[in-house]
Amino acid sequence: MSGGGGLRDVYEGVRILDFTQLEQGPSGTQVLADFGAEVIKIERHDVGEIGRDHSPRVNGMSPHWAANNRNKLSLSLDLKAPGSRDVLERLVKTADVVASNFRPGVMERLGLGYEDLRAINPRIICAYASGYGRSGPYAERRGQDLAAQAMGGVLALTGSADSPTAAGTYAIDYVAAMHFAQGIMLALAARERTGEGQVVDSCLLNSAVALHLQEATTYLNTGREYPRPPYGIAHSHSTALYAQYRTADDRWLALVGEYFVDRPWQRVCDALRLAEHRDDPRFATVQGLAEHVEETHALLQRAFDLLSLDQALKALEEQDVLAAPVNDYPHLFEDPQVAHNELVVTAEHPHAGTVKLVGSAVKLSATPARVRTAPPTVGQDNELVLAGLGFTSAEIAGLQECGVVGIENRRHRDTGVAHWGPAE
């Protein structure tokens with residue numbers, strides 16, 4: 001996440017007020033933070049945003065939360081305290097974007113809706129991430145990743161014929177976070193042309209539907225549906241050449257033999273020493289393989305039962321058949337390409353020590369993403385942010401005394417204990 005020449009940070013000078021929590025919002029704002037935006041997290045006193053409460057903890061810090069919050073500042077602010085309005089208005093006047101992922105209506109009730117913000121700063125961009133969108137019959141419903149997988153059609157496509165299976169991570173949260181970041185970037189680009197801010201509206205449901213746009217577009221135009229496939233087969237329209245297999249050393253392998261090569265069945269049979277099945281006329285075409293998908297899957301599984309993962313991968317590679325190991329975390333982070341792509345980066349924090357994080361997925365040659373700061377403790381930057389807004393030391397102390405701004409840093413100086421959020 002470093003290197004390159006020329007302009008260092010492409011979003012340098014862009015200030016984002018970040019009211020987001022969990023993953024859908026924070027992962028999106030972190031993208032812009034990685035490329036230079038100043039992202040100020042607005043958090044509750046002491047406990048911070050709710051994502052900080054995830055276990056396990058490392059020196060008090062939740063790695064689950066830290067994954068989405070590097071390169072950000074933390075300002076702990078009681079939004080309901082009367083004196084908070086002056087702080088908020090000063091922040092909004094200097095900001096380019098206000099980002100949130102509360103349910104629709106929450107920001108308006110706080111006096112932070114788009115019309116409120118635009119009255120303070122006509123160029124402001126108001127970016128909302130939600131479960132179902134800013135309006136419509138589901139607007140008030142609580143949104144969550146698994147619900148979005150289910151309602152958005154992803155769960156119906158995933159797993160085996162016997163049962164739908166959720167993705168092993170919060171896949172829709174992350175896709176929606178990238179759409180959230182994309183929306184903010186597009187609004188910033190539009191403002192360069194028009195001089196005006198606008199509303200960015202992204203949601204989990206839209207991202208879930210977009211995730212399977214190829215299948216959905218086919219259904220919309222042909223009526224073709226995609227039921228879940230038999231056990232072990234990747235997709236409903238796939239054959240045993242596009243599937244998962246267990247090897248003799250109890251590893252798993254993903255076979256991608258259905259694409260990229262001619263005579264795929266014959267190549268796989270040659271790799272797995274299945275000469276007696278190589279020229280079976282039933283398996284000579286994709287249609288034939290589809291008609292015998294469970295039989296051929298069982299046949300190939302018996303062959304993989306005799307090979308270790310390394311042996312199977314080598315044999316398939318010799319036949320120019322694509323296959324990949326199913327990597328668990330120990331194997332994933334030993335992979336040389338993962339290391340080469342700088343997908344593990346580190347940040348130094350004075351209280352948490354060296355923090356390992358997943359690096360940026362996007363690489364730019366001249367303006368790369370970089371880790372400037374580790375994820376912050378709650379209220380870590382209260383004094384820094386307020387001083388930058390023109391508050392004097394005496395005014396800052398006054399705001400802390402009356403409970404508008406948190407005193408986490410003062411408490412840390414007295415006790416030596418950093419405040420990462422709720423106690424475990």
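**View 1. Ser76 and the residues that surround it in the predicted model**. Leaving aside its neighbours within four places in sequence, Ser76 is in contact with Glu43, Arg44, His45, Val378, Gly379, Asn382, Val404, Val405, Gly406 and Glu408. Ser76 itself belongs to strand 3. Because a residue is called buried when its relative accessible area is under 20%, Ser76, with a value of 0%, counts as buried.

**View 2. Helix 3 and its buried face**. Helix 3 runs through residues 84–94, and its buried residues are Ser84, Val87, Leu88, Leu91 and Val92. Seen down the axis of the helix, these buried residues fall within an arc of 130°, so they line one face of helix 3. An α-helix has 3.6 residues a turn, so residues three or four places apart point the same way. The cover over the buried residues of helix 3 includes strand 1 (15–18), strand 2 (38–43) and strand 3 (72–76), and it also includes helix 5 (114–120), helix 18 (382–388) and helix 19 (393–401).

**View 3. The largest nonpolar core**. This core has 29 residues, and those with the most contacts inside it are Leu17, Phe19, Ile40, Leu75, Val87, Leu91 and Leu386. Two or more residues are given to the core by each of strand 2, strand 3, helix 3, helix 5, strand 5 (125–130), helix 18 and helix 19, while the largest share, four residues, comes from helix 3. Phe19, when its neighbours within four places in sequence are left aside, is in contact with Ile42, Leu79, Leu88, Val98, Ala99, Ser100, Asn101, Phe102, Met107 and Leu112. Apart from this core lies another, of 28 residues, among them Ala243, Leu253, Leu274 and Leu300.

View 4. Of its 424 residues, 46% count as buried, and its accessible surface comes to about 21000 Å², of which 53% belongs to carbon and sulfur atoms. Among contacts between residues at least 6 apart in sequence, 72% join residues at least 24 apart.

Technical notes. Residues are numbered from 1 along each chain as its sequence is written. This is a predicted model: local features need pLDDT of at least 70, side-chain atom pairs count only at pLDDT 80 or more; totals for chains, interfaces and linings use all residues. Side-chain values use heavy atoms; hydrogens and water are left out. Buried means under 20% relative accessible area, exposed over 50%, partly exposed in between (1.4 Å probe, protein chains only). The arc is that of the directions from the helix axis to the C-beta atoms. Contact means heavy atoms within 4.5 Å. A nonpolar core is a set of buried Ala, Val, Leu, Ile, Met, Phe, Trp, Tyr and Cys residues joined through side-chain atoms within 4.5 Å. Accessible areas come from the Shrake-Rupley method with a 1.4 Å probe; for residues, only the protein chains shown count as cover.
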